[in-house]
Amino acid sequence: MPTKYDLAIIGSGGGAFAAAIRATTLGKSVVMIERGTLGGTCVNTGCVPSKALIAAADARHSAADTADRFPGIATTAGPVDMPALIAGKQALVESLRGEKYADVADSYGWAVRRGDAAFAGTPDAPVLQVAGDDGSTETIEAGHYLVATGSRPWAPPIDGLDQTGYLTSTTAMELTELPESLLVLGGGYVALEQAQLFARLGSQVTVLVRSRLASKEEPEVSRTLQEVFADEGIRVVRRALPTRVSRDAATGQAVVTADVAGGREEFRADQVLVALGRRPATDGLGLDRVGVKTGDLGEVVVSDRMQSSHPRIWAAGDVTGHPEFVYVAAHHGTLVAENAFADADRAVDYARLPRVTFTGPAIGAVGMTEKDVVAAGIRCDCRVLPLHHVPRALVNRDTRGFVKIVVDADTGKILGITAVAKDAGELAAAGVHVLGKTVAEVADAWAPYLTMAEGIRIAAKAFTTDPSLLSCCA
């Protein structure tokens, strides 16, 4: 006989945990099935380990760079002990996995099954068949099901790539030997973060990008990051399309052949990191057996209520093809539990969704870009404020970057904010509460002096006043 629950969740990441917590607080019985490591991508192979290593690389870079920035300060940066660095990262991951996932599940008391889950039965009577890690099998029947299986790194079918071997964002963070040279394929946030991380640890890094860096963000972002990377010795090759990967038998190096503007070129490095996107992890789930539609990339097709084509089967997080942020997955999970069990009718809305890339300086944005505004048929006005007008950047001795505000020219309302700056993520978070206000309101609002967030107020003032004519605190 099947084991019965109110909610059966496949996966154990941010979306899964948010749904389980909310459903449990609503008095519902929950079972969570995980075929890999508890905690999903964020804590195990994504946000936590990558940002821990980025912070370490930033500390080393600051030690090497401080003497040039601050007169009278002398520091040096020695070689990296990669085994110790990776061990420290892993210890942090395991600690957070225990505190924020395993202990939380125990505290709430929902059931956890280790094994592979797949849908069986019929669309009218779906069930889950779970093949346990211990060789057991179990049939689970639930009032509602949540697919929260996340995504995994994807590599295109480049000739010779699989045979040569390559790193992904997951395997790169397990290296115990720093590569002398690294080729990064891609120009999105994962590629940017990983490229700068390894360069700051001491690798010679080349980035091959098909269009431009951070191509979904404002063009000013791309130009600024290109300059930053050049200053840090990272070579960026634009309009490069890799066509073949092989390995030089004499040197052991990987050789990437790419079509570039002006012809064909070979690039050589000890390692190749492929950061060209991710794909939803839906293989083997048997979604078609119970009438759940999937998209071209395998994503579960959902409504804005996160409901699939089956009324009792929901999806949350990366598996939906929606923005790949853990806080999006968590939002999805809570929304699913409330729509399924609390008679709610909540829809997801990304109008104020902040996005951050943890480069140095970071990229932070919220709302629409100038291109988005023009495409929507809205008359656009915008200002780009270089950081040399922001006192916090001046005292940091780092004015690389800008703050850009995009406005509806007819109403004066702020539609989007983008920043490249130290702690730009904090600017994006502040921007969540600024969108919809007029530039006049923001220019006249309180802003603490010598904060980076003050840059938003100064950028708003730039719509009416030349920022070079402003006093440093007025």
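Trainee: Before anything else, where do domain bounds come from?
Mentor: Domain bounds come from an automatic or database domain assignment. Please keep in mind that this is a predicted model.

Trainee: Which domains does the assignment give for this chain?
Mentor: The assignment gives three entries: domain 1 (1-43 + 83-151 + 277-340), domain 2 (155-274) and domain 3 (352-460).

Trainee: What separates the centres of domain 1 and domain 3?
Mentor: Taken over C-alpha atoms, those centres are 36 Å apart.

Trainee: Switching topic, which residues does the UniProt "binding site" annotation cover?
Mentor: According to the unreviewed UniProt entry, the annotation covers Lys 51, Thr 149, Gly 150, Ser 151 and Asp 318.

Trainee: Where does Gly 150 lie?
Mentor: Gly 150 is in the loop that runs between strand S5 (137-147) and strand S6 (151-153).

Trainee: Is Gly 150 buried or exposed, and why?
Mentor: Gly 150 counts as buried because its relative accessibility is 16%, and buried means under 20%.

Trainee: And Ser 151, where is its place?
Mentor: Ser 151 belongs to strand S6. Ser 151 also counts as buried, with a relative accessibility of 7%.

Trainee: Now helix H7. How many residues has it, and what does it reach?
Mentor: Helix H7 (residues 189-201) has 13 residues. From its first C-alpha to its last it reaches 18 Å, close to the 18 Å expected at 1.5 Å a residue.

Trainee: Why is H7 described as largely enclosed?
Mentor: H7 is largely enclosed by the rest of the structure because 11 of its 13 residues are buried. Among them are Leu 192, Glu 193, Phe 198 and Arg 200.

Trainee: What follows H7?
Mentor: Gly 202 follows H7, and its phi is positive, near 125°.

Trainee: One more topic: which strands form the open sheet?
Mentor: Three strands form it, in the order S10-S11-S12, with antiparallel pairing. Strand S10 (241-247) and strand S12 (263-269) are the edge strands, each pairing on one side only. From one strand to the next, the twist averages 25°.

Trainee: How many bridges join S11 to S12?
Mentor: Seven bridges join strand S11 (residues 254-260) to S12. As an example, Val 256 has Phe 267 in S12 as its bridge partner.

Technical notes
Residues numbered from 1 in each chain as written. Predicted model: local features only at pLDDT ≥ 70, side-chain atom pairs only at ≥ 80, totals over all residues. Heavy atoms only, no water. UniProt positions renumbered as here; feature names shortened; annotations may be inferred. Helix = DSSP H or I, 4+ residues; strand = E, 2+ residues; numbered from the N terminus. Buried < 20%, exposed > 50% of the residue type's maximum accessible area, 1.4 Å probe, protein only. Pairing = 2+ DSSP bridges. Axes fitted to C-alpha atoms, helices over the stretch in contact; angles between N-to-C directions. Expected span 1.5 Å × (residues − 1).
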